[in-house]
Amino acid sequence: NSWEPIEKYINEQYEKFLKEEVNIARKKRIPDTRVHCCLYFISPTGHSLRPLDLEFMKHLSKVVNIIPVIAKADTMTLEEKTEFKQRVRKELEVNGIEFYPQKEFDEDLEDKTENDKIRQESMPFAVVGSDKEYQVNGKRVLGRKTPWGIIEVENLTHCEFALLRDFVIRTHLQDLKEVTHNIHYETYRAKRLNDNGGLPPMTVETEENHESNL
């Protein structure tokens with residue numbers, strides 16, 4: 001049950017937020033340490049997801065927004081990467097594992113159209129990581145040096161890191177926070193209040209009371 005420490009940490013952050021929220025003398029702005037996104041890195045086997053991957057994501061997807069990511073994507077050919085991404089999407093669907101953006105939370109047709117494209121084409125993002133810089137065409141770039149050249153981390157023809165970064169911190173950041181607050185946190189809060197009648201009474205809150213961090 002290797003997912004339990006992570007699940008425990010996520011729930012601890014919900015509990016911390018809940019205690020601040022129901023505190024009669026609570027702070028004007030509640031510090032938000034809730035986990036809004038979990039990047040789940042998948043080994044680039046090219047075959048199928050491991051049973052551990054499926055169990056891990058099945059448990060965590062119930063408490064946090066899961067974004068599957070294929071690590072070390074440069075170990076696969078373009079054809080292998082495309083096939084593996086399709087296989088991962090199919091296995092997640094067959095096993096009833098919902099990753100972000102979840103279909104049921106699409107608010108309108110525009111959202112559905114945009115998110116369907118992400119779900120069917122981009123997910124899981126295939127990335128290459130590096131903290132080393134190399135000179136490429138007169139510019140310093142982050143990349144990995146191989147016998148056949150430099151794999152550039154932020155070059156979209158080499159790697160989907162830039163797509164993942166923009167997805168998480170630009171185009172979908174606010175939505176990630178809203179799904180966390182309105183779905184995952186509300187589920188936790190409802191269960192806690194039902195299980196423990198001794199909690200102080202809830203007070204009315206507004207959007208101004210939230211200070212969120214990803």
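Which residue of β6 is the bridge partner of Tyr134? In β6, that partner is Val141. The legends below place this contact and others in a predicted model, in which local features need pLDDT of at least 70 and side-chain atom pairs count only at pLDDT 80 or more, while totals for chains, interfaces and linings use all residues. Residues are numbered from 1 along each chain as its sequence is written, and side-chain values use heavy atoms, with hydrogens and water left out.

**Figure 1. Overview of the chain.**
The secondary structure comes to six helices and eight strands, where helices (H or I, at least four residues) and strands (E, at least two) are DSSP runs numbered from the N terminus. Along the sequence these elements follow the pattern α-β-β-α-β-α-α-β-β-β-β-α-α-β. The C-alpha trace spans about 65 × 40 × 40 Å along its principal axes. Of the 214 residues in the chain, 42% are buried; buried means under 20% relative accessible area, exposed over 50%, and partly exposed in between, with a 1.4 Å probe and protein chains only.

**Figure 2. The open sheet β5-β6-β7.**
Three strands, in the order β5-β6-β7, form an open sheet with antiparallel pairing. Because β5 (133-136) and β7 (149-152) stand at the edges with a single partner strand each, one side of each is left without a neighbour in the sheet. From one strand to the next, the twist averages 70 degrees; axes here are lines fitted to C-alpha atoms, for helices over the stretch in contact, and angles run from 0 to 180 degrees between N-to-C directions. Strands β5 and β6 (residues 139-146) run antiparallel and are joined by four bridges, two strands being paired if DSSP finds at least two bridges between them. Strands of a sheet pair through backbone hydrogen bonds, either parallel or antiparallel. The loop between β5 and β6 contains Asn137, whose phi is near 50 degrees, a positive value in a residue other than glycine. Asn137 counts as exposed, at 77% relative accessibility.

**Figure 3. Helix α6 and its kink.**
Helix α6 (residues 173-195) has 23 residues and should span 33 Å at 1.5 Å a residue, which agrees with the 32 Å between its end C-alpha atoms; the expected span is 1.5 Å times one less than the number of residues. A kink of about 40 degrees in α6 is centred on Glu186, the bend at a residue being the angle between axes fitted to the seven residues ending there and the seven starting there. Among the buried residues of α6 are Leu176, Val179, His181, His184, Tyr185, Tyr188 and Arg192.

**Figure 4. The aromatic pair Trp3 and Phe56.**
The structure holds seven aromatic pairs. Rings of Phe, Tyr and Trp (its six-membered ring) pair if their centres lie within 6.5 Å; planes under 30 degrees apart count as stacked, over 60 as edge-to-face and the rest as tilted. Trp3 and Phe56 form an edge-to-face pair, at 6.3 Å centre to centre and with 75 degrees between the planes. This pair links distant parts of the chain, with Trp3 in the segment before α1 (4-22) and Phe56 in helix α2 (residues 51-60), 53 residues apart. Trp3 and Phe56 are both buried.

Phe17 belongs to helix α1 and Tyr185 to helix α6; the pair links distant parts of the chain, 168 residues apart. Phe17 and Tyr185 are buried. Ring pairs link Tyr14, Phe17, Tyr185 and Tyr188 into a cluster. Arg34 lies over the face of Phe17, at 3.8 Å from the ring centre, and over the face of Tyr185, at 4.9 Å from the ring centre. A charge sits over a ring if NZ of Lys or CZ of Arg is within 6 Å of the ring centre and within 35 degrees of the ring normal.

Most residues other than glycine have a negative phi, and most peptide bonds are trans. The peptide bond from Tyr100 to Pro101 is cis, with omega near 0 degrees; Pro101 is placed in the loop between α3 (78-94) and α4 (109-122). The bond from Met123 to Pro124 is also cis, with omega near -15 degrees, and Pro124 is placed in the loop between α4 and β4 (125-126). Lys72, in the loop between β3 (66-70) and α3, has a positive phi near 50 degrees. Lys72 is exposed, with a relative accessible area of 59%.
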